Every structure is written in C-alpha cells, then in structure tokens.
Amino acid sequence: MKKLLILGAGTAGTIMANKLANTLSRDEWQITIVDRDETHHYQPGYLFIPFGIYTPRDVVKPRRDYLPRGVEVVLSAIDVIEPEQNRVRLANGRVLGYDFLIIATGARPVPAQTEGLLGDDWHKHVFDFYTLEGASALARRLKHWDGGRLVINIVEMPIKCPVAPLEFAFLADWFFTEAGLRSKVEIEYVTPLPGAFTKPKAAAMLGDFLDKKNIRLTAEFATGSVDQGAKKIVSWDQREVSYDLLITIPTNMGDEAIARSGFGDELNFIPTDKHTLRSKVKDNIF
C-alpha cells in the first residue's frame, strides 16, 4: 500500500481528501489526514458574522461530516516533519510514514507581530475577522456602534484570501446603509499594496469602486505599530491614520510545526513551485 498523508483538515485538506479518495484505488492507497481537533471551521464564513448574515453555528461543524469513508482520521497536533525520513512526528507521540505528503496546515493571523496591536482595546475598539472569536466580538460591537471612523488595515502581505478585506469594506458600506448610519460612518481602506486592486484587468474594471462607495483609499502604508491610546496606526515611515474602530488583518504566518521542521521561510511558509505547489524541499511533498 502506498501511503498518502495530509496534514490539516481545514478547507484545503478536506477538499484534497475527498478529491483523492475518489481518484486513488483503495486497494493500492492508504489515505491519512491529521488535524488537532474534531471541529471544522469554514473560515470564509467568518467574513459574514460581523454583519449578522451568518452566526458561529453556520460555520462550525463536526469535522468528520466532511471527510470520506475509508480515510483514516488522526487527531493530534503536529510536532515535526522529517522529509529525509519520509515521516511526521505528532504531538501525541505517534510517528506517521508517507510516500507522498500534502501540507495543508494553512495560515493564521498573529497580531502579536505588530507592536501595540494586542492591548487593552483588543476586541473592544480593535478587531480582527479572520478568527471566530474576532468576528463574533465585532458582531456584538457593531450592533451598538453609532458611527465614526472605521479603518480597515492590512498590516502586511501575504494574507490568506487577499480579497476578503475588500469584501469587508463593501459589506460594511451595505450594512451601515441598511442601518441608516452610512452618513455617520467614514470608511478608510489602508493597504501596503499600491492600490486596492493590483491586477491590471481588475484595476481597469473595478478601480473606481471605492470612490463610488465613498470609501477612502490609503495605499503603500506599511504598518509598524498601533497606538491604542491615541487610536491611530503608524507606518514604518511615520505616517499616521486615526480610527474610532480598527479592523485589522494582522500578519499571517504558517504553522509553528513548519518552523520546527526547519524548511519554511521567515513567516513559516514553504517555498514551492508556483505551477504545481510541489515543495522545493523534496519532490514528494506538496
């Protein structure tokens, strides 16, 4: 039996398990998927929680409901990946060998990477929506917010789902319009990129969309710190943007197991061939 091992049973790992379970012969392949717990979070749904479109119940489901029969499910955190030995050590002490490895451990927001971001105002006047906790706290805050300066800030790239901050901005415009508060809310979109839409075709067709929605754009803003006392974000070149409510997309990093394994970059992401997603570490890792 050839062994296919998938690390991570989020959206990507779940899709791969289903795709390959229907493609590979069960007489020839053993498929194993590893995740730390039984609960599946549909992370794209977090975006809709602050606006009351979804609730946590809509995006949190039993993980096994989405994994095909015949796939072995192992519940454990990952300790370290050992490419030269074709094996993965788990936090529960188990060692799993493989012929092919798919790493789908994803990316996570790490607000502690930005000075001042995690302070007394965290989830009071400063929110994220890339976590269930952040999105739920923001939903509670928006129910009773009567307006002011709403700043949406991408701290640095890359981030998972790069279009989600723009979707949030347009949903916020709709939400406050429906609530009769749009004239009392100033929305500013602050990004380290040179524009809101950086691909030429998208920029040509959608480049004036923020203007149409009365959303101010501040581009090429590399966030260095957050001053919660003064309610402002400060760039590395000392530009400042003030806020009443800050929606942050913090630095995204890969799983800590990648760092422990010694083959990720400074953000714990694994260099790959962009056409195949094959790892540059070893050709049986994707």
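Strand 15 (223-227) and strand 16 (232-235) pair in the antiparallel sense over four bridges. Strands here are DSSP runs of E with at least two residues, helices are runs of H or I with at least four, and both are numbered from the N terminus. Two strands count as paired if DSSP finds at least two bridges between them. The model is predicted: local features need pLDDT of at least 70, side-chain atom pairs count only at pLDDT 80 or more, and totals for chains, interfaces and linings use all residues. Residues are numbered from 1 along each chain as its sequence is written, and side-chain values use heavy atoms, with hydrogens and water left out.

**The hairpin and its surroundings**

Asp-227 has Lys-232 of strand 16 as its bridge partner. The hairpin has four residues between the strands, and Lys-231 takes a positive phi near 55° there. Four of the five residues of strand 15 are buried, so this strand is largely enclosed by the rest of the structure. Buried means under 20% relative accessible area, exposed means over 50%, and partly exposed lies in between (1.4 Å probe, protein chains only).

Gln-228 is in the loop between strand 15 and strand 16. Contact means heavy atoms within 4.5 Å. Leaving aside neighbours within four places in sequence, Gln-228 is in contact with Gly-116, Leu-117, Leu-118, Gly-119, Asp-120, Asp-121, Trp-122, Val-126 and Tyr-243. Thr-114 lies in the loop between strand 10 (107-109) and strand 11. With neighbours within four places in sequence again set aside, the contacts of Thr-114 include Thr-223, Gly-224, Ser-225 and Val-226, as well as Val-155 and Thr-251.

| Residue | Relative accessibility | Class |
|---|---|---|
| Ile-215 | 2% | buried |
| Thr-114 | 6% | buried |
| Gln-228 | 12% | buried |

Five strands form an open sheet in the order 11-18-12-13-14, with parallel pairing. Its edge strands are strand 11 (126-127) and strand 14, each of which pairs on one side only. Helix 4 (residues 164-178) packs on the sheet and touches strand 12 (148-154), strand 13 (185-190), strand 14 and strand 18. The direction of helix 4 makes about 175° with that of strand 13. Axes are lines fitted to C-alpha atoms, for helices over the stretch in contact, and angles run from 0 to 180 degrees between N-to-C directions.

Strand 11 pairs with strand 18 (residues 245-249) in the parallel sense over two bridges. Within this pair, Phe-127 has Ile-247 of strand 18 as its bridge partner.

Apart from neighbours within four places in sequence, Ile-215 is in contact with Ala-169, Phe-170, Asp-173, Arg-182, Ile-187, Tyr-189 and Leu-210. The C-alpha atoms of Ile-215 and Ser-76 are separated by 44 Å, and the two residues are 139 residues apart along the chain.

**Helix 3**

Eight of the 11 residues of helix 3 (residues 132-142) are buried, so the helix is largely enclosed by the rest of the structure. They are Leu-132, Gly-134, Ala-135, Ser-136, Ala-137, Leu-138, Ala-139 and Leu-142. These buried residues pack against strand 3 (39-41), helix 2 (56-59), strand 4 (60-62), strand 11, helix 4 and strand 18.

Three strands form an open sheet in the order 6-7-8, with antiparallel pairing. Strand 6 (78-82) and strand 8 (95-97) are the edge strands, each pairing on one side only. The twist averages 20° from one strand to the next. Strand 7 (residues 87-90) pairs with strand 8 in the antiparallel sense over three bridges, and the bridge partner of Arg-89 in strand 8 is Val-95.

Glu-28 is in the loop between helix 1 (11-21) and strand 2 (29-35). Glu-28 and Met-1 are 27 residues apart in sequence, yet their C-alpha atoms are 5.0 Å apart in space. Not counting residues up to four places away in sequence, Glu-28 touches Met-1 and Lys-2.
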